[in-house]
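This report covers a chain-to-chain interface and a set of salt bridges. Please read it alongside the structure.

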Amino acid sequence: MSTGSQPPETALGRAGRWGLTAFAAAGFVYLFLPIAVIVAYSFNKPRGKFNIIWQEFTFDNWKSPFAPGPLTDAMVLSLKVAAISAVVATILGTLMALALVRYRFRGGALIGLLLVLPITTPEIVMGSSLATLFISRGVQRGFVTILIAHVLFCTSFVALTVKARIRGFDWNLEDAAMDLGASPWRTFSRVTLPLITPGILAAGLLSFALSIDDFIITFFNSGSEETFPLRIFGASRTQISPQINVLATVVLLGSVTLMLAGVVFRRRTDGH
Amino acid sequence: MTSRGGEDRSKRSAGIVPYGLLSPGILWLLLFFLVPLVTLGRTSLSVKASRFDPNDIRLTWELSNYTNAIGDYSEQFLRSFAYAGIATVACILIGYPIAYVIAFRGGRYRNVLLGLVVVPFFTSFLIRTLAWVNVLSDKGPVVSAIEYLQFSGLLESLGIMSDGRLLSTHTAVIGGLTYNFLPFMILPIYVSLEKIDLGLADAAKDLYNNGWQAFRKVVLPLSLPGLFAGSLLTFIPASGDFINAKFLGGPRNTMIGSVIQDRFLVQGDLPTAAALSFMLMIIMTIGTLIYARMLGTDDLI
């Protein structure tokens, strides 16, 4: 609208614009520097047990990325925990988001607060308090307690993400479908579900990512079980093997593929 | 987009249905978030009843757990808040321009650029931190470059390096915290910038005839909610973290998270660990409220 009436850009202004863009570009380099190191060191042939100093190039580490051993076991456990807790948290969180967006009822603000608190509480407080509960009740910490903890911190993120995504929707479409004679179930599966699916999928992916990367809360509630981050931590005192870098690169590639698939999926669903 | 009135009209008041939808999630949050906090509070006021079984504790309203904890660990508390505070400011300084460039100059590559911000964080937190150990190690690229350029003297006098090293210094710990929590700053700022009408920014430029003034008077105030959310999402996890301090810091850089972890899991001293945890949470809650009041973003939480 007003661009035509703007005065010509001064030399200082132009320098500022270029400077800002250059700064942002440098910011991206900073973001990717450690990633480049991780990928590069998956091709390193370390002398000794610590893959810290660059020695020589090798493909050996990539020959058997999933060689049986504690790291692979830990990875499998992490994937299992992330999958289960993402599903459970996505169901719990989506139901809460639907209730908060669709219905008027007493105590909505209080529930909003209850959802935000787990996000604004330091992980170490959540992890230690949950562990204190398990200890005081004599609950053996292990697979189940890890799941309980992961569902806990994922649920809040799911509820808030889905809530933000579906807030602006035109729910009158549901009434319209009902008026046209659709049964409640048909209305839900043909109208409501397609509307909310992208939000739910995004929240599910977020849960999965949060769960697979969690260290602090898991550390307090894992007992003798070892997830992937816990295994790296435990082994880091005596050994940092290049297999860590290989697995990290595999996870990175997998996540990027998933993300691209998500983008394509959204293009398709938004398309019509 | 529905108007506010339309949104309210579409909300139904349908008896028990919302409570039915909410109850499984609420139950989970009550059982595994609020109840544990109560247990933590109880434990923080208890004493160890047995020298051999760390799990045998008795509630005696032992306030000395708190006074002892403050006496012994105020240094780590202060250090945690200082490190987290500096890291948060660094995240704003690095993250705001990135979010700004993506939002206003990204054009049709906005989503790709936003994706690039997130991609590095698909690798594990621990592995990223270990990668920084590679980068900052004594014979690593950064230290070698500093030695080659003969900057080490200058950097030592500024307190950035010590004994010719970057590892085991506060610089490394704060740098690690900054890196690890940067996307939590960029994303909320981006979200609030994205909502700003470009016409409004242009109008401000016309009005003030100066890009900087227009930014300061129009764009910056409108992005405060994002800045607020980003600061919380950075400061809170950073102040409770102990991974960066463990891998990148030395014995003089331990943070409060390191102490809680050690007291709880290594020494089995649950009451002290609980008192420290509880204090951390209280300080965070009060700090958040004050910060919200300061920025005038009360209605955000």
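## Interface

In this predicted model, chain B and chain A bury about 8100 Å² between them. Carbon and sulfur atoms account for 77% of that area. The contact involves 86 residues of chain B and 85 residues of chain A.

What crosses the interface in polar terms? The rule finds nine residue pairs in polar contact, both at pLDDT 80 or more. It also finds one salt bridge there. That bridge joins A:Asp213 to B:Arg128, with the closest N and O atoms 3.2 Å apart. On the side of chain B that touches chain A, helix α2 (residues 17-44) of chain B gives the most, with 20 residues. The residues of that side split into 56 nonpolar, 19 polar and 11 charged.

## Salt bridges within one helix

Over all chains, the rule counts eight salt bridges. In chain A, A:Asp60 pairs with A:Lys63 at 3.1 Å, N to O. Both sit in helix α2 (residues 60-63) of chain A, three residues apart, about one turn of the helix. A:Asp60 is partly exposed at 39% relative accessibility, and A:Lys63 is exposed at 65%.

In chain B, B:Arg79 bridges to B:Glu75, with the closest N and O atoms 2.4 Å apart. Both belong to helix α3 (residues 64-105) of chain B, four residues apart. B:Arg79 counts as buried because its relative accessibility is 14%, under the 20% cut-off.

## A bridge between loops

B:Arg165 forms a salt bridge with B:Asp138, closest N and O atoms 3.0 Å apart. The pair links distant parts of the chain, 27 residues apart. B:Arg165 lies in the loop between α7 (152-157) and α8 (170-194) of chain B. B:Asp138 lies in the loop between α5 (125-136) and α6 (141-148) of chain B. B:Arg165 is partly exposed at 29%, and B:Asp138 is partly exposed at 36%.

Methods. Residues are numbered from 1 along each chain as its sequence is written. Chains are lettered from A and ligands numbered from 1 in the order in which they are written. This is a predicted model: local features need pLDDT of at least 70, side-chain atom pairs count only at pLDDT 80 or more; totals for chains, interfaces and linings use all residues. Side-chain values use heavy atoms; hydrogens and water are left out. Contact means heavy atoms within 4.5 Å. Buried area is the accessible area (1.4 Å probe) that two parts lose on being put together, summed over both. A salt bridge is a side-chain nitrogen of Lys or Arg within 4 Å of a carboxyl oxygen of Asp or Glu. A polar contact is a pair of N or O atoms within 3.5 Å; within protein, one must be able to donate a hydrogen and the other to accept it, and residues adjacent in sequence count only if both atoms are side-chain atoms. Helices (H or I, at least four residues) and strands (E, at least two) are DSSP runs, numbered from the N terminus. Ala, Val, Leu, Ile, Met, Phe, Trp, Tyr, Cys and Pro count as nonpolar, Asp, Glu, Lys and Arg as charged, and the others, Gly among them, as polar. Buried means under 20% relative accessible area, exposed over 50%, partly exposed in between (1.4 Å probe, protein chains only).
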